[in-house]
Amino acid sequence: MTPDRIWLGRLRPMSHRRIYDALVPLGVKIREAPCAETAALLTPEGGLGILIREGSEETKGPAAPGIPTLWVLEPDEPLPRTLEGQPQEFLRMPADPAEIVHRVRALAQAVRRERAVERLRAENEQQGRLRQGIVGVIAHDLASPLTAVLEYLEMLTDGTAGSPTEIQRKLLVEARGAANRVVERVQEIVDASRADAGLCLPVRLARTDLRTLLVEIESWCVERLRRRDQHLVVHLAANLPPICADPTRLAQALHHLVEHAHRFSPSGGTIEIECDRDPEATGFVHLSVADPGSRIPPDEMARRFDPFAEMDLDSPSRPCIGISLALVLAIARAHGGRITVACRSREGMRLGLRLPAWGTRAARIAEAQALLAAPGVLPRTAWVCRACGPDQILSLGAFRPWVVLCNNEVLVICENDPPKRLTALGRVGDFQKEGSLDGALQPRLLLRPIDQELQGGVQWNR
Amino acid sequence: MEPMKVLVVDDEPDVVQALRTRLVSRGYEVLTAQDGLEATARIQRERPDLVLLDIHLPAGSGLTICERMRRNPATRAIPVVAITADPSLELKHRCLESGCCAFYRKPYDPRGLMDTIARIVPPGR
């Protein structure tokens, strides 16, 4: 893999000769560039130009942004000042021609790969936004007819059209239940499409006792599993701490996990719900649903997290749109957690949620994230922090508690009036900023913690 | 006792008809409008006691209608309940900032809406 252009910057005559002779056989255009900016400017748009220059004292200087640079160094020469994150390679002279060519090719390959990833990411984001738009239109068009259906069912039930008989009342209850399920499903599709477009689900995080939550949904689970003679077993650890969660969203996620296990397990099987402190992550709780019967191949499993993935109709598992697991993944992310997937050939499959325990740093980060992702978070006032001095504070929330950026620290203001108490959640440097700070009047950030080292919020255990 | 007047503004005939049936059965007088221009004219002429306002309308946005009502001393005090199918999460706050006193997203719980209406404008004067 070669670049489109090679620019030779300031080089000692010996190095210049050696490098030039080594690179001529590549067939790439080699030109002189008096400086890095010139090389960047003259490289055709979309093309890849590599600048080769010395890192000596006389020519020391930062690389120009956007131009990959191969630094030529003497044997004992220290590394030059460079831009962090800039694609670059280092070549110690004297180097043989093969080494010179190898370095140039390695740099070109790295840059092309990076650009391909960036292009793919941009395409995915654009497609996500397009899908979100389409789903939004569909949801919008379904909403009004559904509204009319619910209104008429309500009128039939409440006697507006005369008192229904007992049988009619029962049928109406079933009809309303089905209509409400349609409403829930439409909302879930909208939520999944928002997550697919990279937006965070709105959640209301609170101190949540998992034990209480599981008791509430157990009867639903048992009733559901009974349809295929499946049994539910719940294992709860004795010393389970409370977690930071939105109980409604968490129940929604659990419903989907149990439904997934119910659907893809054989009849008569046992579904297990297990909840314990996470052995792999301190300060987290692991909630999982296992079904020994699942035989979904791992590559197909991965596609189930994409709400718009096409399923193979010949697949041994039932084809379905992956809204359920995509939604569970979005819920996990919104909680500052992740999904875990364990596929073992003899033991079936275990899908889990890793959620932060209440009061931990991860929980506070999730709270900040939820506040910033809340709809309608608009700046109202700029406050000056008395604790930190007259530095600019941007008030990001119109609704209390306010989340505020102050000197690169994310703070929560818990009082209504000018800040009386500030609780430091962490530094902005700890977060990956998305969006841009346009100024004091329009800051809008969606922050996601970058300490989730696993990409996509899914951890695979083979 | 004179019935309270409710203006239903929505371009979806299904929704208008369902709400009309419901409200009339509860003792309200129901007026309707299907676009922004008609809604503005009816508000000025009829001075309803309550407006149920869809946001995305032909010939005018519900938000604009609401903001105009707030600026006009003659219509400032008329309560407005926003009802919309728009799934956008920011819209609720924009509606409340424009002067709506309540916000419902379709499909809503019919009982909840009726309870809100009854609280704002009890059926008879």
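## A buried glutamine in chain A

A:Gln252 counts as buried because its relative accessibility is 16%, where buried means under 20% relative accessible area, exposed over 50% and partly exposed in between (1.4 Å probe, protein chains only). A:Gln252 sits in helix 6 of chain A, residues 247-264. Helices here are DSSP runs of H or I with at least four residues, strands are runs of E with at least two, and both are numbered from the N terminus.

What does the A:Gln252 side chain make a polar contact with? Its partner is the side chain of A:Glu188, at 3.2 Å. A polar contact is a pair of N or O atoms within 3.5 Å; within protein, one must be able to donate a hydrogen and the other to accept it, and residues adjacent in sequence count only if both atoms are side-chain atoms. Leaving aside residues up to four places away in sequence, A:Gln252 touches A:Glu188, A:Leu327 and A:Ile331, with contact meaning heavy atoms within 4.5 Å.

## About the model

This is a predicted model, so local features need pLDDT of at least 70 and side-chain atom pairs count only at pLDDT 80 or more, while totals for chains, interfaces and linings use all residues. Residues are numbered from 1 along each chain as its sequence is written, chains are lettered from A and ligands numbered from 1 in the order in which they are written, and side-chain values use heavy atoms, with hydrogens and water left out.

## Nonpolar cores

The largest nonpolar core has 49 residues, and A:Leu210, A:Leu250, A:Leu287, A:Val289, A:Ile339 and A:Leu353 touch the most other members.

Take A:Leu210: not counting residues up to four places away in sequence, A:Leu210 touches A:Leu240, A:Ile243, A:Leu250, A:Cys275, A:Val285 and A:Leu287. Another core, of 23 residues, lies apart from it, with A:Leu48, A:Met93, A:Leu107 and A:Ala108 among them.

## The chain B sheet

Over in chain B, five strands make an open sheet in the order 2-1-3-6-7, with parallel pairing. Strand 2 (29-33) and strand 7 (102-105) of chain B are at the edges with a single partner strand each, so one side of each has no neighbour in the sheet. The twist averages 20 degrees from one strand to the next. Two strands pair if DSSP finds at least two bridges between them.

Strand 3 of chain B has five of its five residues buried: B:Leu50, B:Leu52 and B:Asp54 point one way, B:Val51 and B:Leu53 the other. Four bridges join strand 3 of chain B to strand 1 (residues 5-9) of chain B, with B:Leu7 opposite B:Val51. Strand 3 and strand 6 of chain B also pair over four bridges, and B:Leu52 has B:Val81 as its bridge partner.

## Tyrosines at the edge

Strand 6 (residues 80-84) of chain B runs parallel to strand 7 of chain B, where B:Tyr104 stands opposite B:Ile83. B:Tyr104 and B:Tyr108 form an edge-to-face aromatic pair, 6.1 Å centre to centre with 75 degrees between the planes. Rings of Phe, Tyr and Trp (its six-membered ring) pair if their centres lie within 6.5 Å; planes under 30 degrees apart count as stacked, over 60 as edge-to-face and the rest as tilted. B:Tyr104 is buried at 17% relative accessibility, and B:Tyr108 is buried at 5%.

Conventions: Axes fitted to C-alpha atoms, helices over the stretch in contact; angles between N-to-C directions. Core = buried A, V, L, I, M, F, W, Y, C linked by side-chain atoms within 4.5 Å.
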